[in-house]
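Here are my notes on this one, in the order I'd go through them with the model open. Have a look and see whether you read it the way I do.

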Amino acid sequence: MISQVEVDGVPAVLAPTTGPLHAGLVFRVGVADEPLPRRGVTRLVEHLALDGLGTADQQHNGMTGTEHTFFHVQGTAEEITGFLGAVCDALREPDSGRIERARERLRADESGTDPLALWRHGARDFGRTGYPEWGLDGLGEQELRDWIARFFNRENAALWIAGDGVPDGLKLHLPSGERQPGPEPSSALPVTPAWFAGPDNEVAWDTTVRREARAAIFANVLERQMFRELRQRDGISYTVRTDYQPRSGGTARIVAYADALPEKREAALGGLADVLAALRVGRIDPDDVATVIALTADGLTEADTRGGRLPGQAFNLLSGRAVTDLEEAVAEVRAVTREDVAEVAMAAYEAGLLMTPAGTRADWAGYTAAPTHSESAVAGRVHRAVRNPRHHLVSGPDGVSHVAGEEATTVRYDECAVLLAWPDGARQLIGRDAIVVGVEPRVYRKADTVTREVDARVPAELRIEMPARDPDRIPQPPPKQRRSPMEWIAPYWNLLVFGSAGLALVGVAATSIGFVLTGRSLFGDGRQTDLGISAMCLVLAGVLNRTTLLDLRELRNRWVNR
C-alpha cells in the first residue's frame, strides 16, 4: 500500500519494496517552462546540483523532462539521506565556481530535439523540446538563482521513497516558494490530421488524447499492430515503437515511430498510414486488446513490488491528482474494452500529426500539410533580393516578412519568441508559431537597415548572441549570369520594333486627322475613310505602345534586381 507523508514541508509517497531501497526528489519544472532564450537552464541547474556529488560506484542520477526534473538515488538509507541532502544544499546555495564546468558537460552531451512537438505546438510550451539549448552560453549566476528560487522550492517539490519508511536523518532543506502549475499545451496546427516532411530515414506520428487507462492500452495495441504489419509481414522497418506520455494537465501524448531504409521510406509511410487508418475504423483485434490488458496489469503488479509506480504517484502529487493504489490502477486497466480502444483510436487519428520521410507527402492519405507560411505579410518597406526578383523582405513597425512569389512568412514583434543574432549582421526571428524569418545582409538590398530596426524593436531578453559563422557558410546572392549578345539585344529589339511601329501609326493617324480638319483627304476616299483609318491606327498604336511600356517596366525591374 502507498502511504503519504511529509518531509520538511515536501509531500511524499512511500511504499515497501522487495528490491533495493531507492528514493527520488522531483520538481514541477521542465523544458516546457523554459523561454527559448533560456533553453537549457533547467538541465544546467540539474547538472550543477549533481556536480561533485558521490563516487563512481554510487547509483544516482538526475533527469530533466518536459514537465518535471528529478534526482534519483539507490543505496543504503545513509546513502539516500546523504545524496538528497546534498542535492538540496546545492540548490539552496549553488556553487558559482562550478557553473562553467557544468555548462561544458552539457555542451558535450547535447540533448536531442523533438520535431513533432515543434510542428504541433510551435515555439512555446511543449514545442520548446524541438529546439537546441540556445540559452546555455548566456546564462549567468543570477539567472540560475532566480530560476532555482522560482521552481526548485519545497512547495514545488515531491518525494518518493521505496522502502519501509523515511530514512532517519533525512533533511530536505529547500527554500519556500510557490507551486507552479503545469503548462497548457498550445497548437500551431489549424487543421488535423496533418503532416510535415522530416528526416529521410524515419516516419513518425503523434497525437494528444485524454489521460486515461484506455489511451495507454491503445498505444500498446498500436505498437503490436505496427510490429506485425511493418516488421514481421512486410519487412519494411526494423525498429517500431510507441510511447505513452501522460501530462499533468489531464492529457497524454502518444508517439509512434518506425525507421526505414532509403529505398523503403515510401513503403514505411504507407504502412504506418494504413495501420492508423485501420485502427480508426475499428479494425482492432480483440486478442491484441486482451493481451495488452493482461501484460499491463502484470506490469503494474511487478512495478509495484519494486516501487516502480512511486515516481508517477509523486508526479501526481505535483499536478493535484489523486494517488492511486495498485488495486485501483489494475481495476481501471481490466475494465478497458475493445470498444474503448476503438473510441480512443478514432479521436487519436483525428488529432494526429504525421512526420513523413523527406521528399514524400501524405495528402493522398487524407492528411493536411502543416502550415509553412503565414496568412499575410506586414506593411512596410520592401528590400529586394539581389539578382533574385522572386524574393524580398518587408520591414515595418509591426514585424518582418519574407515574401517568395505568392507566399509570405511573417514574424510580428509582439509574437516573437526569440531573436538569433550573428556578428556579421544576420538575424533570424522565430515566432511563437515556429515561423522563421531570416535577414541576410548580403542577400537583400539595404538589409543593414532591417538589422538595425530588428535590434531596436525586439526586447533584449529575447536576443541570443550566436557564434561567428564560417565565411563559406554565409549565404550569398546568386552569381551574375553571363548572357549572349542576342539575349542582351532581345529586349531592346522589342522596344525598337514595337516602339517605332507604334509611333509611326500615331504619326499616320495625326496626319490624316490634320488633312480632315483642313478639308483635304490624305487617302483620296474622303473624310469618312480618313477618320476610320486614323482610329484603326490609334488602336494599333495603343496596343504596340502598351507592349513597349511593359518591356520598359521589365527592363527597370532587371536593373533594380541586377
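1. A cut-off to start with: buried means under 20% relative accessible area. Asp206 has 0% relative accessibility, so Asp206 counts as buried. Bear in mind throughout that this is a predicted model.

2. Where does Asp206 sit? Its place is in strand E8, which covers residues 202-210. Setting aside neighbours within four places in sequence, Asp206 has contacts with Leu116, Arg120, Arg253, Ile254, Val255, Ala351, Gly352 and Leu353.

3. The overall picture, briefly. The protein has 14 helices and 20 strands. Its chain runs to 562 residues, and 46% of them count as buried. Taking the contacts with a separation of 6 or more, 73% are between residues 24 or more positions apart.

4. Helix H1 deserves a look of its own. How many of the ten residues of H1 are buried? Ten of the ten, so H1 is largely enclosed by the rest of the structure. The buried set includes Arg43, Glu46 and His47, along with Val41, Thr42, Leu44, Val45, Leu48, Ala49 and Leu50. What do they pack against? The partners are strand E4 (59-64), strand E5 (69-74), H2, helix H3 (99-108) and helix H5 (141-151). Just after the helix, Gly52 adopts a positive phi of about 85°.

5. Now for H1 against H2. The axes of H1 (residues 41-50) and H2 (residues 77-92) come within 8 Å, crossing at roughly 125°. The two helices are therefore oblique to each other, and their crossing is right-handed. On the H1 side the contact is made by Val45, Ala49 and Leu50, and on the H2 side by Phe83, Val87, Ala90 and Leu91. By class, those residues come out as seven nonpolar, no polar and no charged.

6. H7 (residues 265-280) and H11 (residues 338-350) have axes that come within 8 Å and cross at roughly 130°. That makes H7 oblique to H11. Here the contact involves Leu276, Ala277, Leu279 and Arg280 from H7, and Ala345, Met346, Tyr349 and Glu350 from H11. Which classes do these residues fall into? The contact of H7 with H11 has six nonpolar, no polar and two charged residues.

7. On the cysteines: with a disulfide taken as a pair of cysteine sulfur atoms within 2.5 Å, the count comes to zero disulfides. Cys88, at 0% relative accessibility, counts as buried. Cys416 is at 4% relative accessibility, so Cys416 counts as buried too.

8. Last stop, the start of the chain. Val5 lies in strand E1 (residues 3-7). Is Val5 buried, exposed or partly exposed? Val5 has a relative accessible area of 35%, so Val5 is partly exposed. Beyond its neighbours within four places in sequence, Val5 is in contact with Val10, Pro11, Ala12, Leu14 and Val166. Leu159 is 154 residues away along the chain from Val5, yet their C-alpha atoms are separated by 9.3 Å.

How values were computed:
Residues are numbered from 1 along each chain as its sequence is written. This is a predicted model: local features need pLDDT of at least 70, side-chain atom pairs count only at pLDDT 80 or more; totals for chains, interfaces and linings use all residues. Side-chain values use heavy atoms; hydrogens and water are left out. Axes are lines fitted to C-alpha atoms, for helices over the stretch in contact, and angles run from 0 to 180 degrees between N-to-C directions. Helices (H or I, at least four residues) and strands (E, at least two) are DSSP runs, numbered from the N terminus. Angles under 35 degrees count as roughly parallel, over 145 as roughly antiparallel, 65 to 115 as roughly perpendicular and the rest as oblique. A crossing is left-handed if the near helix is turned anticlockwise from the far one by less than a right angle, and right-handed if clockwise. Contact means heavy atoms within 4.5 Å. Ala, Val, Leu, Ile, Met, Phe, Trp, Tyr, Cys and Pro count as nonpolar, Asp, Glu, Lys and Arg as charged, and the others, Gly among them, as polar. Buried means under 20% relative accessible area, exposed over 50%, partly exposed in between (1.4 Å probe, protein chains only).
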